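The following note sets out points on the ligand site, the annotated domains and the strand pairing. Please read it alongside the sequence and the model.

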Amino acid sequence: MAERERGGSTNNCDHSGDTEPPKSPEDESSERPEAQYTQDLKSVLITSVLNLEKLDVDLYRGTHHWVPRSQRLFGGQIVGQALVAAAASVSDNLYAHSLHCYFVRAGDPKVPVLYQVDRTRDGRSFTVRSVRAIQHGQPILICQASFHMLQPSPLQHQFTMPVVPQPEDLLTVEELIHRYLSKPDLAKKSRQGLNKLLANEVPIEIKPVHPPHFYRLPAAELRKLFWVRARGYIGEGNMKLHCCVAAYVSDYAFLGTALLPYPNYRAQFSASLDHAMWFHNTFRSDEWMLYECESPWAGGSRGLVQGRLWRRDGVLAASCSQEGVLRVKLVTEPSKL
Ligand SMILES: CCCC(=O)SCCNC(=O)CCNC(=O)[C@H](O)C(C)(C)COP(=O)(O)OP(=O)(O)OC[C@H]1O[C@@H](n2cnc3c(N)ncnc32)[C@H](O)[C@@H]1OP(=O)(O)O
């Protein structure tokens, strides 16, 4: 990991000495042998994106890796970095259980983001942190994160994970794009669009359960299901870090779920307004998780989306919610992703 100056880095992603949360037998998920991981490159999410530079007590600086075409900062990056900053000031026996964020200004990809942490309260079992992400002297995100000491309880239930094909039986987005690109009759404009998508250096891997029809109007599909994991190796590490990675991942393509019932409309302007997450169980963000996304409501140029991140053994890892502004126009072609 590249060392940062001035007091080192926050996520200290190796965390090899960190205490891990106790595991129940169903928590033991080992889908890829450790030997195979070691051949992979370390995830850029932990070497760079979530590796904040510590400037002072409770003050950090984060830089950008992948910037979306909108040229505003990716919301998941800001939430993930805010959670890294918050987690740095809580003790090792506390785990993030929820966060609530508002995106109040568009992030500027030309300058870094400062994260200022307020130690709101240290309780007996719960600890709360407030984080302001700042650019040009003004907040772009306000985030509240709460951490909890593990406390066993007889109350325990969850929904059941949807039955879907396993990731090994599905293609990645890149493989799907290559398949389209191999079609000789593909229009030049479509080819250019797909090549642009390929050039995206998104640090996460995705396998859609229902492969998108990039250039045909899809049948109205109300639920989005895809397998997702961080690119590269993160390792058992500590659970706080996996939550930060999941926060990053959870915002990717999330708001688009609210457009699924409207294949004839394309977003002219879309931006997430808020983002909330609840962490339920231990998981590894560098292992395949099923992201089940649905939109219970849209109206008034806004849409609400809700998501569930499932471990592949059927354990509910996290739940997410987001509202976004969606200003659309009528089109004859569907969106490209
Ligand atoms: C989908 C990707 C997921 C993401 O990661 S998004 C990244 C994370 N989220 C964000 O960056 C959002 C940050 N927050 C913000 O930018 C602002 O708070 C937010 C949501 C724009 C609201 O700020 P306001 O000042 O109230 O802005 P606004 O809504 O009035 O204008 C925003 C742009 O929309 C335009 N607009 C306003 N009313 C419109 C209308 N009726 N029809 C079409 N366009 C309209 C308005 O001109 C403005 O455009 P522009 O930014 O000036 O180019």
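**Notes on the predicted model**

1. Histidine 100 stands opposite glutamine 144 in E6. The strands concerned are E3 (residues 94–103) and E6 (residues 138–149), which pair in the antiparallel sense over 9 bridges. Strands (E, at least two residues) and helices (H or I, at least four) are DSSP runs numbered from the N terminus, and two strands pair if DSSP finds at least two bridges between them.

2. The model is a predicted one: local features require pLDDT of at least 70 and side-chain atom pairs pLDDT 80 or more, whereas totals for chains, interfaces and linings use all residues. Residues are numbered from 1 along each chain as its sequence is written, and side-chain values use heavy atoms, with hydrogens and water left out.

3. Glutamine 144 in E6 also has serine 130 opposite it. E5 and E6 are antiparallel and are joined by 10 bridges. Their hairpin has 2 residues between the strands, and histidine 136 takes a positive phi near 50° there.

4. Strand E5 (residues 126–135) pairs with E4 as well, antiparallel and through 7 bridges. Arginine 121 has valine 128 in E5 as its bridge partner. E4 and E5 form a hairpin too, with 3 residues between them.

5. Where is serine 89 placed? Serine 89 belongs to the loop between helix H3 (75–87) and E3. Its relative accessible area is 11%, so the residue is buried (under 20%; exposed is over 50% and partly exposed in between, with a 1.4 Å probe and protein chains only).

6. The side chain of serine 89 makes a polar contact with the side chain of arginine 129 at 2.7 Å. A polar atom of the serine 89 side chain also lies 3.1 Å from the backbone oxygen of alanine 86. A polar contact is a pair of N or O atoms within 3.5 Å; within protein, one must be able to donate a hydrogen and the other to accept it, and residues adjacent in sequence count only if both atoms are side-chain atoms.

7. Which residues are closest to the ligand? Among the 15 residues that surround the ligand, these are Arg72, Gly75, Asp251, Ser272 and Arg327; the shell holds residues with a heavy atom within 4 Å. It divides into 8 nonpolar, 3 polar and 4 charged residues. Here Ala, Val, Leu, Ile, Met, Phe, Trp, Tyr, Cys and Pro count as nonpolar, Asp, Glu, Lys and Arg as charged, and the others, Gly among them, as polar. Strand E9 (residues 265–272) supplies the largest share of the shell, 4 residues.

8. Ligand oxygen atoms lie 2.9 Å from a side-chain N or O atom of arginine 72, 2.9 Å from a backbone N or O atom of glycine 75 and 3.0 Å from a side-chain N or O atom of aspartate 251. The protein buries 49% of the 1,100 Å² that the ligand exposes when taken alone, by the Shrake-Rupley method with a 1.4 Å probe.

9. An unreviewed UniProt entry lists "domain: Acyl-CoA thioesterase-like N-terminal HotDog" at residues 65–148. That span is 15% helix and 49% strand, and its end C-alpha atoms lie 30 Å apart. UniProt also places "domain: Acyl-CoA thioesterase 2 C-terminal" (unreviewed entry) at residues 224–325. Residues 224–325 are 12% helix and 51% strand, with end C-alpha atoms 19 Å apart. UniProt annotations may be inferred rather than shown by experiment; their positions follow the numbering used here, and feature names are shortened.
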